[in-house]
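Please open the model in your viewer and keep the selection panel at hand.

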Amino acid sequence: MTRAVRLGPRSLLTLALVSAVGVVAFGWPFLAPPTSQVGTHTQDAPWLFAGLLVLLVAVVAAAIAESGLGPKAVAMLGVLAATGAALRPIGAGTAGIEPMFFLMVLSGRVLGPGFGFVLGNVTMFASALLTGGVGPWMPFQMLAMGWFTMGAGLLPGPERARGRAEVRLLAAYGFLAAFAYGTAMNMAGWPFMGALASNIAFDPHAGVPANLARFVTYCLATSLGWDLGRALVTVVLTLTLGPALLRALRRATRRAAFEAQVTFEAPER
């Protein structure tokens, strides 16, 4: 299977750095001790936003610099990102109707984890500009969507899962990853609730078990229905449209021949 982006050393190193920073950015409420001044973190949000965004741009730049993302792959990236960005507003205001997720799953599957991570970032960035959703939460969305799409490219290859088995595998992954994405985004916003819901808000003076119980309650009370809707829509679209879209993506990838090396022969004399 042809893949548009292969992770080279610099891309892999930058991706690891971004992921490490992202894990800390998402999970700091469970990593910081109760005696730390975590409540002051809200003042750091603009800096965190800028830092994560710079690192995300560095991932794209590193991938391009290593020649893993040529002109044809950039064109494919633009088309898929624009399509995903256009699909996102369809479900605005309607619980769980987010068709862009199934497109990200299939694209990551066909085009590989490196392309998938870049595609998830660019798509979420473009959709944020399209919907006016630019803010401190945007780099979290970009990271989470990058992980979501990259994970599809890390699933067992088509030599181990083909036909209906492959589609069912992608549907199962999309179902679980849709909940994982929602949980990650809950974790990004939950610490800043303050006194809006004191019984389920983050308590900087409580230990990990108490805050974990609060977080689970918060997820069940605020986003379970939305995450379930997103997961079910992803499954339905993957099972119904997945086979045709997989064939189309693979056909386009083969015709583009992203990894083909261009050679020039000397004219005959």
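**First stop: a threonine in the interior**

Select Thr-253, which is buried, with a relative accessible area of 2%; buried means under 20% relative accessible area, exposed over 50%, and partly exposed in between, with a 1.4 Å probe and protein chains only. Thr-253 lies in helix H8, where helices (H or I, at least four residues) and strands (E, at least two) are DSSP runs numbered from the N terminus. Now display the backbone oxygen of Leu-249, which the side chain of Thr-253 reaches at 2.7 Å.

This is a predicted model, in which local features need pLDDT of at least 70 and side-chain atom pairs count only at pLDDT 80 or more, while totals for chains, interfaces and linings use all residues. Residues are numbered from 1 along each chain as its sequence is written, and side-chain values use heavy atoms, with hydrogens and water left out.

**Second stop: the whole chain**

Switch to a cartoon view, in which 8 helices and 0 strands are to be found. Buried residues make up 48% of the 269 residues in the protein. Of the contacts (heavy atoms within 4.5 Å) with a separation of 6 or more, 81% are between residues 24 or more positions apart.

Next, select Phe-26, Leu-80, Phe-117, Met-145, Phe-148 and Tyr-181, which touch the most other members of the largest nonpolar core, a set of 59 residues. Such a core consists of buried Ala, Val, Leu, Ile, Met, Phe, Trp, Tyr and Cys residues joined through side-chain atoms within 4.5 Å. Which helix gives the most to this core? H4 does, with 15 residues.

Centre the view on Phe-117 and leave aside residues up to four places away in sequence: Phe-117 then touches Leu-15, Val-18, Leu-56, Val-59, Leu-143, Gly-146, Trp-147 and Met-150.

**Last stop: a patch on the surface**

Finally, select Val-208, Leu-212, Val-216, Leu-220 and Leu-224, a nonpolar surface patch with about 410 Å² of accessible area together, by the Shrake-Rupley method with a 1.4 Å probe, only the protein chains shown counting as cover for residues. Patch residues have over 30% relative accessible area and no salt bridge, with nonpolar side chains (Val, Leu, Ile, Met, Phe, Trp, Tyr) joined within 5 Å and like charges within 9 Å; a salt bridge is a side-chain nitrogen of Lys or Arg within 4 Å of a carboxyl oxygen of Asp or Glu. H7 gives the most to the patch, with 4 residues, and Leu-212, which lies in helix H7, is partly exposed at 43% relative accessible area.

Methods
Polar contact = N/O pair within 3.5 Å; in protein donor to acceptor, adjacent residues only side chain to side chain.
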